[in-house]
Amino acid sequence: QGEIVRYHRKYVLLHLYFNISYFLFTVGDHSQSLRWLNLILNDTDIRSVEDLNASTRILTMILQFELGRSELLEYLARSTYRYLSKLEGLYEFEEIMLAFMKKFSKNDLLREDKSIFVKLKGKLETVAYEPGERNALSTLDLNSWVESKISDQPLHEILKAKNYANR
């Protein structure tokens, strides 16, 4: 019983870390966001939380992209690919994001090309969240992030407008 309680507390704590990280990401504090994600990635007690680990790895790639660390993207994409492949295979949105990050690892100048983000948005919009999938699409609003890149608006402004539009 004590082991289950300890596991549950750790599970809740790691989800809290992710939520803090995601909040910091949305307001543009990428370094601090990455710091919170690293607490999840470096935790050895609770490796079985697949949806959290998948979301954490994808958000880590996006944060490294935002921080201009393109040299890390290819390694992170390969590492994330290996991790996700060992689970139940890659979902379509994961493949799209991994390919996108690999592309930037080879040519950092692409980040100035809005048409690349428009193409990414088109691909992501064709992918629907399936309830049986890992939870990453429901925890990461990738479409809003891409929209923020296309429109040069802060992510939190895109999310706020989206939230008001859905009321």
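This tour moves from the whole chain to its nonpolar core and then to individual residues. The structure is a predicted model.

**The whole chain**

Begin with the entire protein chain in a cartoon display. Along the principal axes, the C-alpha atoms occupy a box of roughly 55 × 40 × 30 Å.

The protein chain exposes about 9200 Å², of which carbon and sulfur atoms supply 52%. Of the 167 residues, 43% count as buried. Among contacts with a separation of 6 or more, 64% join residues 24 or more positions apart.

Colouring by charge shows 23 positive and 23 negative side chains. The centres of these two sets lie 3 Å apart.

Hide the surface and turn to the interior. In soluble globular proteins, nonpolar side chains tend to be buried together. Here the largest nonpolar core has 44 residues, and Met101 and Trp145 touch the most other members. At least two residues of this core come from each of H1 (2–26), H2 (30–41), H3 (50–66), H4 (70–86), H5 (92–106), H6 (114–125) and H8 (142–151). Which helix gives the most to this core? Select H3, which contributes eight residues.

Now select Trp145 and display its surroundings. Leaving aside neighbours within four places in sequence, Trp145 is in contact with Phe25, Ile62, Phe65, Glu66, Met97, Phe100, Met101, Phe117, Leu120 and Leu155.

Proceed to Met61, which lies in helix H3. Met61 has a relative accessible area of 1% and is therefore buried, since buried means under 20%. Beyond neighbours within four places in sequence, Met61 contacts Leu73, Leu76, Ala77, Thr80, Leu98 and Met101. For a distance check, take the C-alpha atoms of Met61 and Ala77: the two residues are 16 positions apart in sequence and 7.4 Å apart in space.

Gln64 is also found in helix H3. Is Gln64 buried or exposed? Its relative accessibility is 8%, so Gln64 counts as buried. With neighbours within four places in sequence set aside, Gln64 is in contact with Leu34, Arg69, Leu72, Leu73 and Leu76.

**His30 in helix H2**

Select His30, whose place is in helix H2. The relative accessible area of His30 is 15%, so this residue is buried. Which residues does His30 touch, not counting those up to four places away in sequence? They are Phe25, Leu63, Glu66 and Leu67. Phe25 and Glu66 are also among the contacts of Trp145.

**A loop residue**

Finish at Asp152, in the loop between H8 and helix H9 (155–165). Asp152 is exposed, because its relative accessible area is 59% and exposed means over 50%. Inspect its backbone as well. Most residues other than glycine have a negative phi. The phi of Asp152, however, is near 55°, a positive value in a residue other than glycine.

Methods:
Residues are numbered from 1 along each chain as its sequence is written. This is a predicted model: local features need pLDDT of at least 70, side-chain atom pairs count only at pLDDT 80 or more; totals for chains, interfaces and linings use all residues. Side-chain values use heavy atoms; hydrogens and water are left out. Buried means under 20% relative accessible area, exposed over 50%, partly exposed in between (1.4 Å probe, protein chains only). Contact means heavy atoms within 4.5 Å. Accessible areas come from the Shrake-Rupley method with a 1.4 Å probe; for residues, only the protein chains shown count as cover. Lys and Arg count as positive and Asp and Glu as negative; His and the chain ends are not counted. The place of a charge is taken as NZ of Lys, CZ of Arg, CG of Asp or CD of Glu. A nonpolar core is a set of buried Ala, Val, Leu, Ile, Met, Phe, Trp, Tyr and Cys residues joined through side-chain atoms within 4.5 Å. Helices (H or I, at least four residues) and strands (E, at least two) are DSSP runs, numbered from the N terminus.
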